[in-house]
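Below are some notes for a colleague who has the model open, arranged as numbered points. Please read them alongside the sequence and the coordinates.

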Amino acid sequence: MFILVSCWQHTKVKDSVKDRMAETYADAAISVTITTLTDVLAFYIGTSSAFPSVQSFCIYTGTAFVFCYIYNLTFLGAVLALNGRREESNRHWLTFMKVETEPQDFRSRAYNRCCIGGSFDETTGAEFEHPLNGFFRDHYGPFLMHPCIKALVIILYVLYLSSSIYACTRVKEGIDLRNTASDDSYLIPYYDWEEKYFSEYGLRIMVVVTKSIKYWDSSVRADLKKCMESFESSRFVDKKYSESWLRIYEVVASGLSLNLNDRDAFIENLPILFNITPESKWDIIYSTTEIRTSRFYVQTVNVTTALDDKNLLIDLRRRARKCKIPMLVYHPAFIYFDQFIVIVQKTLQTVGIAAGTMLIISLLLIPNPLCSLWVTFAIASVIVGVTGFMAFWDVSLDPISMINLIICIGFSVDFSAHISYAFVSSEEPEVNDKAVDALYRLGYPVVQGALSTILGVVVLSVTATYIFRTFFKIMFLVMAFGAIHGLVFIPVFLTFFGICTEAPQKV
C-alpha cells in the first residue's frame with residue numbers, strides 16, 4: 001500500500017489520471033508482485049509442516065495475502081483513480097467541494113490552510129515531496145555512500161552476522177508447558193513447585209506389548225525379561241521403581257508351585273495375581289485362550305530439560321525397536337516430546353525450501369540475477385538474525401516460534417526486494433547514485449511499513465500470554481532487521497558489483 005501511494009505521489013499532477021495510474025503501476029506493480037508472491041509461497045510451503053497448528057495458520061495467512069494483493073491492485077487502485085479525478089477538479093479532500101487554488105485575503109488563516117488546495121511543485125510537476133524523501137536523497141543516501149561509512153557498514157554487518165550465528169547455537173528447543181497458559185494461571189506455580197520439589201523423579205512410562213504373545217513360553221518370557229532389563233539400563237530410568245506384573249506372577253507361581261509353562265494354567269491362575277496385586281488386572285487384556293496385550297511401567301529420573309525429554313524419548317524408542325517382542329513406549333506427554341524431536345529438522349527444511357522458492361521468484365521478476373541473489377541473501381541473513389536474537393530474548397524454538405519464523409521468511413524479503421528492484425530499475429549511471437535514488441524513492445515507504453507493523457503489534461508486548469508476547473518479539477525483530485537490511489546493508493552491498501548497474505529499458 002505504501003509503495004503504491006508513494007509512486008502515485010511521484011507522478012506529474014497535470015498528467016491525465018490514466019497516465020498517472022499507468023506510471024504508478026509501472027513503478028510499483030512488479031515490486032509488490034514480487035513481495036506478495038514470496039510471502040504467499042512462504043506460507044503455503046509452511047503447510048508442509050508436521051504440526052497441524054502451523055498448517056492451519058499458514059493456509060489462512062497465505063490466503064489472506066492473496067486477497068490483500070488483489071485488493072491493493074484493484075480496490076486501492078480504484079481509490080487512487082478516484083482521488084486523481086478529485087485532484088483534477090480541485091475538490092476538497094474531505095467535503096469534495098471545489099476549492100480555490102490561491103489563498104483568499106479576506107478569509108481567515110484557518111480557512112486558507114484547510115480549504116485552499118491544488119498547489120504542487122512547479123519544478124517537477126509532482127506533489128510536494130515529503131521531508132523524509134528529501135532526507136533520504138540529500139542527506140542519508142550520500143552519507144551512506146561515503147567510503148568510510150561503507151567500511152563501517154561492512155564491519156557492523158560482520159559483527160551482526162557472527163553474533164547471530166553464535167546465538168543460533170544457544171537457542172533452546174522445546175515448549176515449556178508454563179507458556180501454554182496465561183501468566184495468572186494456577187498452572188504456572190504448579191509447574192514451578194513440581195520442578196522445585198519433585199524434579200528428581202519424572203514420568204512413569206508405559207511399556208506396552210502390542211501383540212498377542214505366548215507368555216507361557218519360557219523363551220518368550222526370557223526375551224521379555226531382556227527387553228525390560230534393556231529399558232532399566234537407560235540412564236534416564238531407575239530400575240528400583242519398575243513395575244512388572246509378570247515378575248510378580250513368576251514369584252507367586254514359584255511360591256504356589258504353579259506351572260507357568262502351560263497356557264491354560266497360566267491364564268486360569270491370573271485371578272490369583274489379581275487378588276495379591278489388584279492393580280495388575282488393569283495391565284492385562286486377556287481371554288480364555290490368549291493374552292491380547294499387556295503393559296509394564298518404568299520410572300524416569302533426572303529429566304529436567306526439553307533436551308532431556310527429547311533424548312529420553314529417542315533412547316526408549318530405540319530400545320523398543322531392538323526388542324524381539326513387539327513393544328512400544330508411551331506417556332501422554334510424548335505428544336510434546338515428539339515436537340522436540342522434529343522441530344529443528346522441520347524448521348530448517350521449511351526455511352530452506354522457502355528461501356529456494358524466494359530465489360526462483362526473484363530470478364523471474366527482478367531483471368538481474370545477481371541482485372536476485374542479494375535478495376535471497378538478505379532473507380537468509382534476516383532469518384539467522386531473528387533466530388539468533390531469539391536466544392538473547394529468551395524465546396525457545398517451538399511450534400509457536402516456528403509459525404513466527406515462517407512469517408519471518410515472508411516479511412524479510414519485502415524491504416530488500418523493494419530496494420533491490422528500485423536499484424536495478426534506476427536510470428542513474430553510477431552505482432552510488434542508483435543506491436541513493438532507490439533510497440529516495442522507497443526509503444520512506446520502507447520506514448512507513450516497518451513502523452506501522454511494529455506499532456500494530458506493540459500492544460501484544462504487554463499481554464499476559466506467552467504466545468502473543470512471542471509474536472510481538474519475533475515480528476519486532478523481523479521488521480527491525482528487515483528495515484536495517486533494506487535501508488543500510490543491501491544499498492551498500494549492491495554498489496560493490498557493477499553487474500547490477502544495468503537498468504532495464506522502458507517501453
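Predicted model: local features only at pLDDT ≥ 70, side-chain atom pairs only at ≥ 80, totals over all residues.

1. Residues are numbered from 1 along each chain as its sequence is written, and side-chain values use heavy atoms, with hydrogens and water left out.

2. The buried residues of α6 are Ile-149, Lys-150, Val-153, Tyr-157, Tyr-160, Ser-164 and Ala-167. They lie on the same side of α6 because they cover an arc of only 115° around the axis, the arc being that of the directions from the helix axis to the C-beta atoms. Helix α6 itself (residues 147–168) has 22 residues and reaches 31 Å from its first C-alpha to its last, close to the 32 Å expected at 1.5 Å a residue; the expected span is 1.5 Å times one less than the number of residues. Helices (H or I, at least four residues) and strands (E, at least two) are DSSP runs, numbered from the N terminus.

3. What covers the buried residues of α6? The cover includes α5 (131–144), α14 (369–392), α16 (431–457) and α17 (466–494), with contact meaning heavy atoms within 4.5 Å.

4. The structure holds 32 aromatic pairs; rings of Phe, Tyr and Trp (its six-membered ring) pair if their centres lie within 6.5 Å, and planes under 30 degrees apart count as stacked, over 60 as edge-to-face and the rest as tilted. The rings of Phe-135 and Phe-136 are edge-to-face, because their centres are 5.7 Å apart and their planes are at 70°. Phe-135 is partly exposed, at a relative accessible area of 37%, whereas Phe-136 is buried at 5%. Tyr-157 and Phe-489 also form an edge-to-face pair, with 4.9 Å centre to centre and 75° between the planes. This pair links distant parts of the chain, since Tyr-157 is in helix α6 and Phe-489 in helix α17, 332 residues apart. Tyr-157 is buried at 7% relative accessibility, and Phe-489 is buried at 6% relative accessible area.

5. Ring pairs also join residues into a cluster, whose members include Tyr-157, Trp-374, Phe-389, Phe-481 and Phe-489.

6. The largest nonpolar core has 130 residues, and those with the most contacts inside it are Phe-231, Trp-245, Phe-266, Met-327 and Val-386; such a core is a set of buried Ala, Val, Leu, Ile, Met, Phe, Trp, Tyr and Cys residues joined through side-chain atoms within 4.5 Å. Its largest share, 17 residues, comes from helix α15 (residues 399–425). Leaving aside neighbours within four places in sequence, Phe-231 is in contact with residues including Val-207, Leu-316, Arg-319, Ala-320 and Met-327.

7. Helix α12 (residues 306–322) has 17 residues and reaches 25 Å from its first C-alpha to its last, close to the 24 Å expected at 1.5 Å a residue. Among its buried residues are Leu-316, Arg-319 and Ala-320, and what covers the buried residues of α12 includes β1 (201–209), α8 (218–232) and α13 (334–365).

8. Thr-376 lies in helix α14 and is buried, with a relative accessible area of 13%. Not counting residues up to four places away in sequence, Thr-376 touches Ala-355, Met-358 and Leu-359.

Conventions: Buried < 20%, exposed > 50% of the residue type's maximum accessible area, 1.4 Å probe, protein only.
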